[in-house]
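Here's a walk through one structure, taken a piece at a time. Have the sequence and the 3D view open as you read.

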Amino acid sequence: MSRLIVVSNRVNPPNPAADGEGSVGGLAMALAAALREYSGIWFGWSGKTIPEFTGQLNMQRIEGVTVATVDLEETDYQEYYNGYANKTLWPLFHYRVDLTAYDRSFGEGYDRVNKRFAETLLPLIEPDDIVWVHDYHLIPLARELRRMGVTNRIGFFLHIPWPAHQLVVTLPRHRQLVEALFDYDLLGFQTEESLHAFEGYVFSEVHGSKNERGELQAFGRKLDASAFPIGVDAQDFAQVVKGETARKTYDRMMAHSVFRKMVVGVDRLDYSKGLEERLIGFERFLHDHPDLRREVMLLQVAPISRDEVEAYQDLRGRLDGLIGRINGAYAEMDFTPIRYVNRSYRRDELAGIYRAAKAALVTPLRDGMNLVAKEYVAAQDPEDPGVLILSRFAGAARQMKDALIINPNSPEEISDALERALSMGVDERKRRWEALFENVTREDVTAWRDNFVSALRARPDPDNDDREEPPTPVQSLDVAAKTLRAQPEAKAMRA
Ligand code: GDG
C-alpha cells in the first residue's frame, strides 16, 4: 500500500504526558491520530527560526509518528506565518475583513515559504506516495510541487471555513490562490456550506463548471471537491475519561464546585471563538437570574495563542477587562462567578473537566468545525450527561443538531440556553446526549481520515490511469491535458 505523506505548517504530535503548546490545537490531534495508523511521514515547520534558510531536514520519531521538519528564517516566520497566514487568510476566512491585512510582502513571503517547503519535501516523495496537505498556510504547495515535476496524487484539506465569494474577492491575489488549489487532485472542506461557497467562487468568478463525474473544472484542470467533516477519537476520549488522572481532575472540580453547577468553555484564545460574546451572555444570565447566581460558575480555559499578532493581544486585554468587570459586579466574599485560566491542560485532565461540567458553552462566531464540542460529548457520563450549548456558526452544528443551538451574537439566547441547560431533566439530557454521542462516534476522526484518504486514492493516478469507463470526448480532452501535466517538461513550461 502506498505511503501517506502528511504536510502541515506545524508538526507537533500531541504528547499525552505534557501540558505544553504542542498539545493544543485540533489539527495536531487529528493528524497524529491519522498517522499512527498509516505508514508515512509528517512534514512541516519545526517551529524554530534560524538566520538563513538551509533546507536541512530533521527526521525523528515522536509518539509513534515519523516526523520531518525544517527550520525557517525569521523573515519567513513574520511574512508567511504571522503575516499572510494569521493576519490575512485567518481573519478573512473567519469573516473579519476589519482585521485582515492586505500587505504585499506577506503574500510574497507566503509564496516563498511554500516553495521552500516544496523543495525540502521533494526528495522524500516516492513514486507511489500520496500527499495530504493541510490548511490555509499551504494552499500553493501543490503548485510548487507540480512545478518541480511531482505527479503523485495530492489532496488538500481546509480546516477553517471557506468564506463567501464577496469576501474572497477582497483579497488582491484571490484568483492566484484559487488557481493554486486546482493543482490538487482532491479538495476537502469541513462542511457543505464551505464547499458550496468554494464552488460559487469557481462558477461565478472564473467561469468554471462541474462535469458529469461531479469534478470541478477550471484553469484547464479538474479535481474532486467534497465535504469531509472532521471528528475526534470519541471512543478513546470516552476511555481516557475513565482513567486515573481524569477521575482525579473530575473529583477536584466537583469538590470545588460544591452546591454549584459548573459550565465550561475551552478554546484557544482567538477572536473567532466568540469568547467576549460568551462572557457577555453569561453576564446577562447572572443579571437576569439573581436566584440562580450562586448556583452557577463558569470555568473558561483559554490557552494563549498567536500572541505576537496585535489582534490577539488586544483580545486578551479586552477579555481581562470584561472578566474583571463581571467578577467585580457579581462576586461575593466566598464566590467568584468566572474562573479564567490561560494555561493549557493535559488531555486527560481536560476530559475530567468536561465530565464535571453540567453544560459546555461553545460559541464561536465562525469555526471550521470545533472539536471541543465533540470532545465534551465524548467525555460525558451516559447516565448523567451534561448539555452542549453550541453556536450555529460552528461547522459542528451541522452534525450536532441535538445540542442547544444558539446565535452567539445574542446575549439573550446564550442566557436562555444556559437556564434551559441547567434546569433540564435527566431524561431529556440523556435523549439529546445519546443522539450526539452516536454521531460523534460514527463520524469520528478515523472516518474522516479514511474517507479522505480513500477519495484521494480513488482519483486517477496520473502515471497509470486505470479508470474503467471508456472516456467520453470531454474526458479524452481531460486525459490529454492530464498526460501533458504529467510530463515534467510541460510543467516547467507552465511555471
Ligand atoms: C482548527 C479549526 C477545526 C484546547 N485547550 C486545550 C486543548 N485544546 C484542544 C481541544 C481541541 C483543540 O485544542 C481545539 O480544536 P478546535 O476545533 O476547537 O479549534 P482550532 O484549534 O481552531 O482548530 C477548527 C480544527 O482545526 C480541526 O479541523 O475544528 O474549526 O479552527 O482538541 O481539546 N488541549 C489540551 N489542553 C488544553 O488546555 N490538551
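Let's begin with how rings get counted: rings of Phe, Tyr and Trp (its six-membered ring) pair if their centres lie within 6.5 Å. By that rule, this predicted model holds 25 aromatic pairs. Take Y77 and Y81 as an example: their ring centres sit 5.6 Å apart with the planes at 15 degrees, so this pair is stacked. Planes under 30 degrees apart count as stacked. Both tyrosines belong to helix α2 (residues 74-93), and because they are four residues apart there, about one helical turn separates them.

Now for the strands. An open sheet is built from 10 strands, and if you trace across it you read β3-β4-β2-β1-β5-β6-β7-β10-β9-β8, with mixed pairing. At the edges you'll find β3 (58-62) and β8 (209-210), each of which pairs on one side only. Inside that order, β1 (residues 4-10) and β2 (residues 40-50) run in the parallel sense and pair over five bridges.

On to the ligand. Which parts of the protein does it lie between? Domain 1 (4-231 + 445-494) and domain 2 (234-442) both give residues to the shell around the ligand, so the ligand lies between these two domains. That shell counts 27 residues, and the closest are H159, Y345, D367, L371 and E375. Sorted by class, there are 13 nonpolar, eight polar and six charged residues in the shell. Three helices, α1 (26-37), α12 (347-356) and α13 (371-378), each supply at least two residues of it.

The side chain of D367 has an N or O atom 2.5 Å from an oxygen atom of the ligand. For H159, a side-chain N or O atom is 2.6 Å from a ligand oxygen. How much of the ligand does the protein bury? Taken alone, the ligand exposes 730 Å², and the protein buries 96% of that.

Technical notes
Residues numbered from 1 in each chain as written. Predicted model: local features only at pLDDT ≥ 70, side-chain atom pairs only at ≥ 80, totals over all residues. Heavy atoms only, no water. Near = heavy atom within 4 Å. Polar contact = N/O pair within 3.5 Å; in protein donor to acceptor, adjacent residues only side chain to side chain. Areas by Shrake-Rupley, 256 points an atom, 1.4 Å probe, with all protein chains shown as cover. Nonpolar A, V, L, I, M, F, W, Y, C, P; charged D, E, K, R; others polar. Domains from an automatic or database assignment. Pairing = 2+ DSSP bridges. Phe/Tyr/Trp six-rings, centres within 6.5 Å; stacked < 30°, edge-to-face > 60°.
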